[in-house]
Amino acid sequence: MNAAENSKAQFRILYRQFLFRVVDLEVLSASAQGDANKLLGRFAALLVWISAAFALFAIMIGNVPSGLKLLTENNLVATTMLVVGIFTVFSWDSISPDRRDVFVLAPLPVRPRTMFLAKVAATATALGLVVALLHCGAGLTWSFKFAPTFGVISFARAFGAYWFTMFAAGTFVYCSLLALQGLAAQALPRRILLRVSGFLQTAAFCLFVAVYFLEPPVDSLKMLAVPENQRILRWIPTYWFLGLLGQLNGSMNADTGWLAKRAWTGLAIAAFAAAVAYAFSYVRTMRQIAEAPDIAPGVRGLRWLPRFGGRMQTAIGQFCVRTLARSRQHRLIWSFYLGLGLACTILLVQALREDKEIPAALAHHLWREANAPLLAASIVMMILAVVGLRVVFAFPLEMPANWIFRAVGIQDGSNVLVAQRRAMALLAVAPVWMISAVVCFWLWPWMQAAAHLICLALFGMMLCDADLYGFRKIPFTCSYLPGKINVNVIIVAS
């Protein structure tokens, strides 16, 4: 076998390996009896169901009004960017080579260029599959309804414009996050990067969810042409690609052409920045993986943790706190619920500010006393924080190393339950309660604020007891047989 054939064979092997490792499934694979392929099939089925729902809606409504058509176009673009953003966040650690790649492939006669091309091809294939599965039904129905006129040429143009725009929107999101990761890899040492990367990953996750629910609706081309709206829409990428879709299928006018220009410019900048940052960081990251440790020395002043009762309760409680602080995968899942809570909070607050039936002076006065939007926002945030943490508790930290609690022979279930309740109160109830206390005492009279905080604390503790009912395991451990988590219920609930 000559050098060219050897390189092609290496590329095919690495491509298959990298493709099945695009998403980090070390934690989630336990929910599919250890079979990562089965779990990937479930995620693919979820995307197909979402696409089928869009397609069924298109079939049921028949003729689409212009306002609903514009809202649906923006919703499809926004959903594409949200799904690709979540996919990129979950594949954050798989974009760059990890320690296993370096230590296994470095001694082998594999050129870095082959490894680089295989990694890029695998991520591009996964990105294309995500977009294709998400629009396998919607792309065959809505693309024809978006055609401005009736005819074969118009339908063909609308079909091509639809698919190009959706792939372009997904590429923009993916390349933007890739450029951010590459820039952080260039600017920070690897030990610091491993710590900062987790916060960037969580922040990006919350940002995608919040923007998806908070972007302003536009149901007419006249609203896109209003100068007051343009000042806001110029910073929302979903409307850029909405303008690109209208430019390609011929449904937009000259007043909205600036949106398409921003889409082309943003896509070019994101692709160029991602290519440059990824190429430079790839070589630098491989060298740092072999030369630098993965974990930076801890800070002594931040090692203290409170006691949770007796020695066994303290061990379990501190294990929960430290696991959530160290595990990026668990923080990522929990951040999804926190992002939903943040989006609901902003929506409730904006509902009071934008209520046209309430005069401005009266609306300002309502902020200075207990009001329904802030009460509901604190309750919703408490529910999502506790429920999200309960979901995270069910995922084991690491399959081979989580049998230690069974080895020491813990048999007192009441002590375990107390430690779980106190850890959940510290991690979920206390932060939400403290933020609510700051906001309430700042805006409301102290008696109203104190009464609400007392009720919120009692509600949070009762919610902890309700969520932990029937939870007969130590959080983050595999003290039961693997494969008992119903991941379908978790995904649908998410």
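Leaving aside residues up to four places away in sequence, Thr80 touches Leu134, His135, Met166 and Gly170. This is a predicted model, so please keep that in mind throughout. Thr80 sits in helix α3, which covers residues 66-90. Is Thr80 buried or exposed? Its relative accessible area is 1%, and the cut-off for buried is under 20%, so Thr80 counts as buried.

Now the chain as a whole. It has 21 helices and zero strands. There are 494 residues, and 46% of them count as buried. What about contacts along the sequence? Taking contacts between residues at least 6 apart, 82% join residues that are at least 24 apart. The accessible surface of the chain is about 25,100 Å², and carbon and sulfur atoms account for 69% of that.

Helix α14 runs over residues 311-326, which is 16 residues. How far does α14 reach from its first C-alpha to its last? The span is 22 Å, close to the 22 Å expected at 1.5 Å a residue. Which residues of α14 are buried? They are Gln313, Thr314, Ile316, Gly317, Gln318, Cys320, Val321, Thr323 and Leu324. When you read that list, remember that an α-helix has 3.6 residues a turn, so residues three or four places apart point the same way. Gln313, Ile316, Gly317 and Cys320 are among the buried ones, if you want to trace them on the model.

On to charges. Side chains of opposite charge can pair when their charged atoms come close. How many salt bridges are counted here? The count is one salt bridge. It joins the side chains of Arg421 and Asp465, at 2.5 Å from N to O. The two partners come from distant parts of the chain: Arg421 belongs to helix α19 (residues 413-443) and Asp465 to helix α20 (residues 446-467), and they are 44 residues apart. Are these partners buried, exposed or in between? Arg421 has a relative accessible area of 24%, so Arg421 is partly exposed. Asp465 is at 40%, and Asp465 also counts as partly exposed.

Last, the surface. Leu140, Phe144 and Phe159 make a nonpolar surface patch of about 260 Å². Leu140 lies in helix α7, residues 138-145.

Technical notes. Residues numbered from 1 in each chain as written. Predicted model: local features only at pLDDT ≥ 70, side-chain atom pairs only at ≥ 80, totals over all residues. Heavy atoms only, no water. Helix = DSSP H or I, 4+ residues; strand = E, 2+ residues; numbered from the N terminus. Expected span 1.5 Å × (residues − 1). Buried < 20%, exposed > 50% of the residue type's maximum accessible area, 1.4 Å probe, protein only. Salt bridge = Lys/Arg side-chain N within 4 Å of Asp/Glu carboxyl O. Patch = residues over 30% accessible without salt bridge, like charges linked within 9 Å, V, L, I, M, F, W, Y side chains within 5 Å. Areas by Shrake-Rupley, 256 points an atom, 1.4 Å probe, with all protein chains shown as cover. Contact = heavy atoms within 4.5 Å.
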